Amino acid sequence: MSERRVRQPLIAVLGHVDHGKTSLLDAIRGTRVASREAGAITQHVGASEIPVDAIKKICGRLLERFKIELILPGLLFIDTPGHEAFTNLRRRGGSLADLAALVVDINEGFMPQTLESLTILKTYKTPFMVVANKIDLIPGWKSSPGACFLESFARQRPEVQRALDDRVYELVGKFHELGFESERFDRVSDFRRQVSIVPASAKTGEGISEVLAILAGLAQRYLEKELTVEVTGPARGTVLEVKEEVGLGKTIDVIIYDGVLAKGDLFAVGGLDKVIVSKVRSLLQPKPLDEIRDPEDKFNQVERVYAAAGVKIAAPNLEGVVAGAPFLVIKDITAAEKLWQEIQQELERVRISSDVNGVVLKADALGSLEALEGQLQAKGIPIRRADIGDVSRRDVVEASSVGKSDQLLAVVLAFNVKVLPDAQAEAEREGVEIIKDDVIYRLLEQYENWVKKKREEVRANRLQGFIRPGKIVIKPGYVFRRSDPAIVGIDVLGGVIRTRMPLMNKEGKPVGVIRELQKDKKSVPEAKLGDELAVSIDGPMVGRHIQEGDVLYTDVPRDHVLALKRDLRDLLSGDELSVLDEIIAIKQKTDPTYGVM
């Protein structure tokens with residue numbers, strides 16, 4: 001006869017970057033993972049188990065107040081990253097989650113990633129509550145570390161209470177605009193219809209007991225059917241992370257959301273090129289209130305785990321397992337084939353290999369690869385190749401071939417992976433940029449800054465061979481030499497002038513060629529609008545061919561003017577375009593077809 005039991009609900013923690021998701025879990029766990037995260041922002045999905053005894057201890061009288069009699073074995077938190085770049089990774093969190101805690105900074109309110117998190121929750125129809133974090137930063141708030149919110153709130157001055165309620169009702173108004181009814185948790189009349197808002201401080205611990213009580217109550221009241229599972233069946237789960245552990249070798253961290261997993265079980269798990277079949281050598285769980293990604297104490301060895309659970313698995317032949325892949329206990333090797341079909345569909349959806357001109361993308365896991373793809377596509381940045389693993393010479397060769405037709409895409413973006421030595425050497429030889437980071441938003445910022453800088457370089461290089469529109473005036477009283485060459489003081493009235501550029505007068509008649517430009521007695525390669533400097537001109541004599549006060553223009557050849565108008569117009573400044581129009585008007589007096597495409 002099959003055994004059924006109520007499992008822990010899986011709870012996703014979502015929200016905007018820096019609004020305090022990991023800090024909230026810290027407050028619950030009493031650990032300090034947040035301070036050690038890369039960039040202080042969670043980068044990988046993690047899991048934290050809060051046993052029922054801990055919930056009873058933390059929540060105390062609140063459970064009685066809300067008439068909650070706990071039958072759950074505990075709560076299992078999936079710590080899901082909050083930056084918008086993690087949309088797809090968060091979707092995985094959302095799809096696994098029974099419930100969600102949406103963390104919002106009560107002082108900042110809704111931010112882009114808050115709205116994005118709500119879209120995900122709506123998509124997956126995941127029930128959620130709101131943690132209005134950082135109440136300790138409300139002006140005048142007197143903190144009572146570890147206290148219940150209601151007790152702490154009662155101790156505040158009336159104007160501070162009003163300030164908190166104003167902020168809560170700003171959130172209520174915003175939720176209403178988005179189609180959700182919400183209310184402060186102690187004023188909720190229907191928990192099924194209204195979203196509970198719990199004011200809290202992850203820093204001081206105030207309100208944490210209410211957060212746990214509301215989550216446990218919601219799970220128990222509305223999800224009992226979903227949480228009652230058959231726990232004697234084969235385990236199914238998702239790989240969160242692949243890690244090298246001292247004394248254990250390669251291990252995988254897995255969330256088991258269905259069935260039972262025992263020591264000695266045969267299992268299949270997704271790799272990049274095949275399904276990996278292995279046998280559980282040992283099952284390790286962090287001690288309660290510790291964190292599976294970042295344990296501060298030794299693991300406990302266990303014989304079996306029941307859904308839902310976060311577990312570390314030590315087993316042979318785990319090379320090639322990828323984070324985000326499905327995990328399944330199997331009876332024999334033939335069952336692995338079905339899983340491989342499932343994995344291939346997932347990999348084909350995420351990996352990109354195309355002939356388009358685009359960037360090359362490498363990441364450490366399916367989730368982060370998918371997230372980066374979504375972010376780049378949202379910005380209209382094409383992708384030529386996207387895959388999991390270290391940056392190889394082949395990746396650089398791909399980027400180099402793209403660079404031949406578009407230099408702004410000759411780049412490899414590497415998230416949380418190594419660059420192999422032959423790839424580095426090839427990049428240096430071919431002039432391919434490799435941008436590395438282990439925080440997604442920083443990686444994208446670096447890429448955008450590189451594009452900006454590269455665009456300026458490309459702009460300068462493309463215009464280098466062209467005679468550009470320029471306009472100068474010879475300053476009266478500033479004739480230093482009359483001829484061979486003529487040396488005069490000038491003001492640049494618009495556009496750009498450079499050495500070796502031909503000049504013409506207002507009638508379109510050639511008057512000479514610029515030999516040298518000097519500013520503050522130093523030679524300069526070019527001058528722009530507003531510059532005052534001395535110029536030496538081969539050809540004319542002052543007083544015969546040119547006069548003090550004359551306005552002169554660069555003499556732009558016919559093929560140059562057509563290229564500047566047709567292909568390079570967006571690279572010219574506003575004053576250059578104005579001067580170009582003047583030059584065309586002058587030239588057309590004697591040649592009506594000049595500048596006509």
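Visitor: Which residue with a positive phi follows helix α7?
Guide: Welcome! This is a predicted model, in which local features need pLDDT of at least 70 and side-chain atom pairs count only at pLDDT 80 or more, while totals for chains, interfaces and linings use all residues. Residues are numbered from 1 along each chain as its sequence is written, and side-chain values use heavy atoms, leaving out hydrogens and water. Helices are DSSP runs of H or I with at least four residues, and strands are runs of E with at least two, numbered from the N terminus. After α7 comes a residue whose phi is near 90 degrees, and that residue is G179.

Visitor: How far apart are the end C-alpha atoms of α7?
Guide: Helix α7 covers residues 158-177, which is 20 residues. The expected span is 1.5 Å times one less than the number of residues, so it should be 28 Å. The model agrees, with the end C-alpha atoms apart by 28 Å.

Visitor: Which residues of α7 are buried?
Guide: Buried means under 20% relative accessible area, found with a 1.4 Å probe on protein chains only. In α7 this applies to V160, A163, L164, D165, V168, L171, V172 and F175.

Visitor: In strand β15, which residue points the way S282 does?
Guide: In a regular strand, side chains alternate between the two faces of the sheet. In β15 (residues 282-285), L283 and Q285 point one way, and all four residues are buried. Pointing the other way, together with S282, is L284.

Visitor: What is the bridge partner of L283 in strand β18?
Guide: Two strands pair if DSSP finds at least two bridges between them. β15 and β18 (residues 309-314) pair in the antiparallel sense over three bridges. In β18, L283 is partnered by I313.

Visitor: Which strands stand at the edges of the five-stranded open sheet?
Guide: The sheet has mixed pairing and the order β20-β22-β21-β23-β24. An edge strand has a single partner strand, so one side of it is left without a neighbour in the sheet. The strands at the edges are β20 (352-353) and β24 (433-437).

Visitor: Which residues lie closest to the centre of the largest pocket?
Guide: A pocket is an open set of points on a 1 Å grid over the protein atoms alone, with protein on both sides within 12 Å along at least five of seven lines; lining residues have an atom within 4 Å of a point. This one holds about 600 Å³ of space. Of its 22 lining residues, the closest to the centre are V242, K250, V321, D364 and D390.

Terms used: Buried means under 20% relative accessible area, exposed over 50%, partly exposed in between (1.4 Å probe, protein chains only). On a 1 Å grid over the protein atoms alone, a cavity is a set of points where a 1.4 Å probe fits but cannot get out, and a pocket is an open set with protein on both sides within 12 Å along at least five of seven lines; lining residues have an atom within 4 Å of a point. Grid points are joined across faces, edges and corners, and a volume is the space filled by probe spheres set on the points.
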